[in-house]
Each structure stands twice: as C-alpha cells, then as structure tokens.
Amino acid sequence: TVQPHRPLSVCCEDDVSTAIVEKVAQQVGIRKFVEISRFGAADNAFTLAAALIFNGQDIENSLLVLDGDKHSTDEERQSRIKAVLTGDSQHDKDRRSLALSKITQYCPSGIRCPEHELHAMVCSVAQGNDDGENEVISIALGIGVVADAHHYVDNMISMIGDDRPVGLRRIVDIAAKSVAWPQY
C-alpha cells in the first residue's frame with residue numbers, strides 16, 4: 001500500500017521531543033516503523049493513557065514520553081495516573097499499572113527540560129571539519145543564561161536562521177554526538 005505500516009507508536013510533548021524521538025528511532029534503525037504524535041502538556045500523557053485503556057486500544061507497542069522536567073518521580077506519576085484512572089478494585093490497579101508501564105521519560109542531568117539538555121550537549125561537542133556543525137556549536141557556546149530554560153533551543157534556532165524543523169534537526173543531530181546522549 002502507499003501508506004507505510006508503522007506498528008510502533010510514540011507520543012511526546014512537543015516538537016523538541018519529537019525531534020529527539022525521531023533521532024533515537026533513526027539511530028536504532030526503526031524510524032520507518034514508528035508513528036510519532038504529540039500530546040502537549042505533560043499532564044495530558046496520563047489522560048491519553050487512560051483514554052486509550054478505557055477505549056480498549058491495544059497499547060502493547062505504544063510509549064508516552066515525558067520530558068523529565070515534570071512528574072519526574074514514580075510517586076508523582078502514580079499520583080497523576082490515580083487521578084485519571086480511579087477505583088480500588090484489582091482491575092483498576094491493573095489498568096493503572098499498565099498505563100504507568102507505557103509512560104517513560106528522558107533522563108536529564110538533574111531536573112532540566114530537553115531544551116536545556118540539548119544546549120548542554122551541543123556545547124559539549126568538539127568542533128571539527130564540518131562548517132555547519134561548527135556554526136551551531138559556536139552559537140550554542142555563545143548563549144549564556146536565559147530567563148526560561150525552554151528558550152535555549154528557540155534562541156539557537158533564531159541565531160542559526162533556519163526554519164524551526166530544520167534547526168531542530170541540526171541541533172539534535174549534533175547533540176546526539178555528545179557523550180551524554182546515550183544516557184539521556
């Protein structure tokens with residue numbers, strides 16, 4: 001068929017997270033099998049997981065990815081899922097357990113948003129022979145403290161001058177060369 005068969009589903013918060021997930025899927029050779037969508041604010045991950053379970057959807061091959069800067073502890077995630085999947089029966093507990101097993105997060109250094117992590121990773125990559133990469137690394141190194149950590153990537157893209165999707169891809173491609181990338 002003309003439509004690609006994408007049996008794996010990954011839902012994430014925003015375009016930055018989408019770019020990260022795309023890069024990871026590419027690196028492990030499964031990008032063509034992954035459907036990536038966005039759920040928006042972190043709280044929506046729990047609502048979406050509950051809705052899929054209530055709807056009887058098969059979520060065996062699904063993953064909901066949190067950025068890691070909100071609901072970063074097991075206790076916080078359990079509290080959030082309990083708010084949307086209520087009840088005390090074993091069936092209710094099993095549904096909450098299933099939902100939580102499908103919600104994961106990045107592993108930031110401390111509690112930092114992906115934009116801050118990407119900036120730090122790009123800054124850690126040594127300049128080489130690629131002028132395009134060197135430009136992005138230089139721009140990242142030139143950005144000091146920002147008022148909101150979510151603006152690291154926005155500022156980099158603005159200075160690079162690319163359209164947002166292209167700029168994001170360039171930033172993530174360089175960040176993926178950092179020694180911190182696999183752990184993240």
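This is a predicted model: local features need pLDDT of at least 70, side-chain atom pairs count only at pLDDT 80 or more; totals for chains, interfaces and linings use all residues.

Tutor: Residues are numbered from 1 along each chain as its sequence is written, and side-chain values use heavy atoms, with hydrogens and water left out.

Student: Which residues are buried in helix 7?

Tutor: Buried means under 20% relative accessible area, exposed over 50%, and partly exposed in between (1.4 Å probe, protein chains only). Helices (H or I, at least four residues) and strands (E, at least two) are DSSP runs, numbered from the N terminus. In helix 7 (residues 151-160), the buried residues are Tyr 152, Val 153, Met 156, Ile 157 and Ile 160. They fall within an arc of 125° seen down the helix axis, so they line one face of helix 7; the arc is taken over directions from the axis to the C-beta atoms. The face turned away from this buried side carries the exposed Ser 158 and Met 159.

Student: Against which helices do the buried residues of helix 7 pack?

Tutor: Contact means heavy atoms within 4.5 Å. The buried residues of helix 7 pack against helix 1 (15-27), helix 5 (114-124), helix 6 (131-142) and helix 8 (164-175).

Student: Is Ser 62 buried or exposed?

Tutor: Ser 62, found in strand 3 (residues 62-66), is buried, with a relative accessible area of 15%.

Student: How is Leu 98 classed?

Tutor: Leu 98, in helix 4 (residues 90-101), counts as partly exposed at 36% relative accessibility.
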